[in-house]
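Here is a short walk through one protein model. Please keep the sequence and the structure in view while reading.

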Amino acid sequence: WNKKIKKEVRIMAYKIDDEKCIGCGACVEACPMGCIKLGEEGKAEIDKTICISCGSCAATCPVEAPFEE
């Protein structure tokens, strides 16, 4: 058998709800990977190429802005 197997792999990463984010920076401090920065508008931004979906940002955020995609 020389059959190629294709699998779709979805990598879960967190996103920020811009309407909820207050720019407090709690998630920036909590992220062990350093993948969250405050953007030009003062809102948190997550680099999905680095995020390991540990949930530290969501656990720390006082307004529940981070959510799993």
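Among contacts in the protein between residues at least 6 apart in sequence, what percentage join residues at least 24 apart? The share is 61%. A contact here means heavy atoms within 4.5 Å.

A word on the source. This is a predicted model, in which local features need pLDDT of at least 70, side-chain atom pairs count only at pLDDT 80 or more, and totals for chains, interfaces and linings use all residues. Residues are numbered from 1 along each chain as its sequence is written, and side-chain values use heavy atoms, with hydrogens and water left out.

Start with the overall layout. The protein has two helices and four strands. Along the sequence they follow the pattern β-α-β-β-α-β. Helices (H or I, at least four residues) and strands (E, at least two) are DSSP runs, numbered from the N terminus.

Next comes burial. Of the 69 residues in the protein, 28% are buried. Buried means under 20% relative accessible area, exposed means over 50%, and partly exposed lies in between (1.4 Å probe, protein chains only). The protein exposes about 5400 Å². Carbon and sulfur atoms supply 50% of that area. Accessible areas come from the Shrake-Rupley method with a 1.4 Å probe; for residues, only the protein chains shown count as cover.

Now look inside. The largest nonpolar core has 14 residues. Such a core is a set of buried Ala, Val, Leu, Ile, Met, Phe, Trp, Tyr and Cys residues joined through side-chain atoms within 4.5 Å. Those with the most contacts inside it are Ile16, Cys35, Ile36, Ala44, Ile46 and Cys51. Strand 1 (14–16) and strand 3 (44–46) are the elements that give two or more residues to this core. Take Ile46. Leaving out residues up to four places away in sequence, Ile46 touches Tyr14, Lys15, Ile16, Cys35, Ile36 and Cys51.

At 5% relative accessibility, Cys35 is buried. Cys31 is buried too, at 13%. A disulfide is a pair of cysteine sulfur atoms within 2.5 Å. By this rule the count is zero disulfides.

Ile52 counts as exposed because its relative accessibility is 51%. Ile52 lies in the loop between strand 3 and helix 2 (56–60). Ser53 is in the loop between strand 3 and helix 2 as well. Ser53 has a positive phi of about 55 degrees, although it is not a glycine.

End with the loop between helix 2 and strand 4 (66–68), where Val63 is found. Val63 is partly exposed, at 28% relative accessible area. Apart from neighbours within four places in sequence, Val63 is in contact with Lys20, Cys21 and Ile22. Val63 and Cys24 are 39 residues apart in sequence, yet 9.8 Å apart in space, C-alpha to C-alpha. Glu64 belongs to the loop between helix 2 and strand 4. Glu64 is exposed, at 57%. Glu64 is not a glycine, but its phi is positive, about 55 degrees.
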